[in-house]
Amino acid sequence: LSSSSAASDVYKRQQPLSPTETFSKFELEEGLQIECVAAEPMIAEPVAMTFDEDGKLWVVEMRGYMATIDMDGEDLPSGRVVVLSDSNGDGQMDQRQVFMDSLIMPRAVAVLSDGVLIAERKPLWFVEDTDGDGRGDRKTLVDSIYGGNGMPEHSPNGLWRGLDNWYYNAKATARYRRIAGKWVKEKTEFRGQWGISHDNQGRLFYNYNWSQLHADLVPPNYLSRNPHHEATTGIDHGLTIERKIFPIRTNPAINRGYIPGTLDEEGKLIEFTSACSPFVYRGTALPEAYRGNAFVCEPTGNLIKRNVVTSSGFNITAYDPNPGKEFLASTDERFRPVAFATGPDGALYFADMYRGIVQHGLYMTPYLREQILERKLERPVSMGRIWRIAPDSWTAPATRPLSQLSAVDLVPLLSHEDGWYRDVAQRLLMERKDESTIPLLRQLVAAGPSELGRLHALWTLEGLGALDASIGKIAWQGESEIVRAHALRLMEPLMKDDANLQAEIGQQLRQSWSTAPPSMVLQIILSAEALQPRDALPLLGDMMSEYAEEALLRDAALSSLENLEAQLLAQLSEEWQSYDCLLYTSDA
């Protein structure tokens with residue numbers, strides 16, 4: 001470091017700061033405010049969190065993570081899942097309830113009406129509070145090998161409930177769903193490293209510590225269904241190659257700090273090294289420009305990156321709207337953002353582990369160990385904060401517990417502007433299984449005011465086992481490109497059970513594909529697998545002739561052709577030979 005840099009307060013060894021002191025070290029995008037809503041001793045070592053239907057915040061405390069520089073105590077059952085609540089509505093969490101303790105390195109949580117999914121270091125549990133005292137007292141094993149090798153940085157995590165009613169995970173090849181009261185585990189594509197979320201269309205987002213933002217262009221389990229083909233596109237699509245970050249303090253205590261090109265001449269981290277928890281903001285508190293943005297935590301660089309996500313044709317991409325300056329950065333060396341959430345107020349929340357050591361001991365180099373000890377970063381531990389970001393002069397809207405609403409009153413919330421309400425309403429309606437809502441859901445699909453409301457209503461009907469061909473066709477024939485694509489996807493099992501529906505949809509697809517928008521083109525190719533070969537082969541042949549240069553569509557077509565690959569190739573070869581003959585005749 002230069003002598004001038006070393007003299008600056010930013011580069012001196014720092015003592016732990018109070019939340020008020022840390023607040024003064026933030027640089028946040030203009031027009032926004034940040035507020036600490038919970039801090040130690042109320043919270044410690046937060047690594048994941050989610051809001052339940054009543055606005056209570058469930059937080060996973062990984063208290064065993066690097067309690068000492070030598071990893072002492074990592075095998076002890078010191079982890080907890082706690083519930084924080086704001087009893088007087090002043091925006092500050094003032095009550096803490098331990099729901100489950102004696103956990104070994106817990107890593108993820110998902111809240112249901114009648115229990116909670118909790119991922120420990122290796123097992124996945126469904127935990128119930130049977131006597132209503134706020135503490136889990138009955139544990140049911142869902143998966144004994146959920147956590148794989150159990151390594152903190154490289155084991156499954158997330159438990160993110162997707163639009164399609166499955167629970168997805170990062171660093172994993174399994175998804176979970178409760179069907180007829182039983183938890184089902186199903187194979188799915190591998191995704192990311194730490195953290196997972198989805199956008200309004202249900203596309204899954206994730207990342208890797210060095211590559212900040214990936215997503216699926218194709219719904220889960222399509223491209224892996226044909227055992228004769230291994231797709232190269234569509235899943236794990238990188239939205240941006242931009243890795244550069246812009247910390248506002250030096251970052252000497254990182255694992256590869258001694259390698260040239262890791263830190264700049266001022267000692268600041270140049271590129272992502274611990275990117276995690278990509279989160280698509282679907283709330284309403286932040287200004288319109290932030291909606292649909294993907295936020296990424298970089299705890300080693302003491303910052304949060306903001307990405308604007310755009311769609312074009314068959315692709316989605318992302319870019320930094322303010323290159324050279326991060327959405328949020330801090331000069332506090334112990335500021336470690338690691339997870340996001342939104343709740344009923346629509347604001348953006350994130351968890352800050354607030355600690356010196358961020359790298360797990362299994363990957364600690366002698367250089368990093370020296371830095372940690374010299375800078376006294378190994379102590380203290382058992383700290384943590386929850387922060388909330390909202391616009392300047394923002395006042396939280398009045399909310400009410402959704403658990404107190406009837407099932408009928410939940411249906412309109414599927415059309416709510418805020419994604420949190422749509423997601424929670426869909427989950428609650430599925431869990432209550434109230435058949436009186438089915439006509440209301442069908443009406444919403446047919447004539448709802450919001451395309452996203454119609455979309456969530458479709459998946460709610462699917463979750464209730466009440467989606468039939470009549471409502472599927474109504475959605476398929478509507479005006480919304482998004483709803484039509486999902487309706488076609490949802491009708492696939494219905495087509496396989498109904499030859500008349502199969503033939504009807506097949507004929508419609510052959511007649512309409514040439515004028516379909518990109519998202520529909522992709523879904524038509526994927527759904528061709530549900531048609532009879534007499535319809536699927538000419539349909540895919542025509543579409544592949546039109547889109548021969550699109551790798552994504554080639555992969556999608558091959559995924560639809562199990563045991564029909566040779567027939568399509570023969571069909572295309574015959575067409576191409578005829579075309580060549582015509583060209584030769586014309587030239588002659």
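1. Of the 588 residues of the protein chain, 57% are classed as buried. The model under discussion is a predicted one, and the points below should be read accordingly.

2. The overall dimensions may be considered next. A compact globule of 588 residues would have a radius of gyration near 25 Å, and the protein chain has 25 Å, so the two agree. Taken along the principal axes, the box filled by the C-alpha atoms of the protein chain is roughly 80 × 65 × 45 Å.

3. The protein chain contains 14 helices and 26 strands. Among its contacts with a separation of 6 or more, 62% are between residues 24 or more positions apart.

4. The crossing of α6 past α8 is left-handed. On the α6 side the contact is made by Arg442, Val445 and Ala446, and on the α8 side by Ser470, Ile471, Ile474 and Ala475. Sorted by class, the contact of α6 with α8 has 5 nonpolar, 1 polar and 1 charged residues.

5. Helix α8 also meets helix α9 (residues 481–497). Their axes come within 8 Å and cross at roughly 155°. Angles over 145 degrees count as roughly antiparallel, and α8 and α9 are therefore roughly antiparallel to each other. Here too the crossing is described as left-handed, with α8 passing α9. The residues of α8 that make this contact are Ala469, Gly472, Lys473, Ala475 and Trp476. Those of α9 are Val483, Arg484, Ala487, Leu488, Met491 and Leu494. The contact of α8 with α9 comprises 8 nonpolar, 1 polar and 2 charged residues. Ala475 of α8 is named in the contact with α6 and in the contact with α9.

6. The last point concerns helix α11 (residues 518–527). Of its 10 residues, 8 are buried, so α11 is largely enclosed by the rest of the structure. The buried residues of α11 are Met520, Val521, Leu522, Gln523, Ile524, Ile525, Leu526 and Ser527.

Conventions
Residues are numbered from 1 along each chain as its sequence is written. This is a predicted model: local features need pLDDT of at least 70, side-chain atom pairs count only at pLDDT 80 or more; totals for chains, interfaces and linings use all residues. Side-chain values use heavy atoms; hydrogens and water are left out. A crossing is left-handed if the near helix is turned anticlockwise from the far one by less than a right angle, and right-handed if clockwise. Helices (H or I, at least four residues) and strands (E, at least two) are DSSP runs, numbered from the N terminus. Contact means heavy atoms within 4.5 Å. Ala, Val, Leu, Ile, Met, Phe, Trp, Tyr, Cys and Pro count as nonpolar, Asp, Glu, Lys and Arg as charged, and the others, Gly among them, as polar. The radius of gyration is taken over C-alpha atoms; the globule rule is 2.2 Å times the number of residues to the power 0.38. Buried means under 20% relative accessible area, exposed over 50%, partly exposed in between (1.4 Å probe, protein chains only). Axes are lines fitted to C-alpha atoms, for helices over the stretch in contact, and angles run from 0 to 180 degrees between N-to-C directions. Angles under 35 degrees count as roughly parallel, over 145 as roughly antiparallel, 65 to 115 as roughly perpendicular and the rest as oblique.
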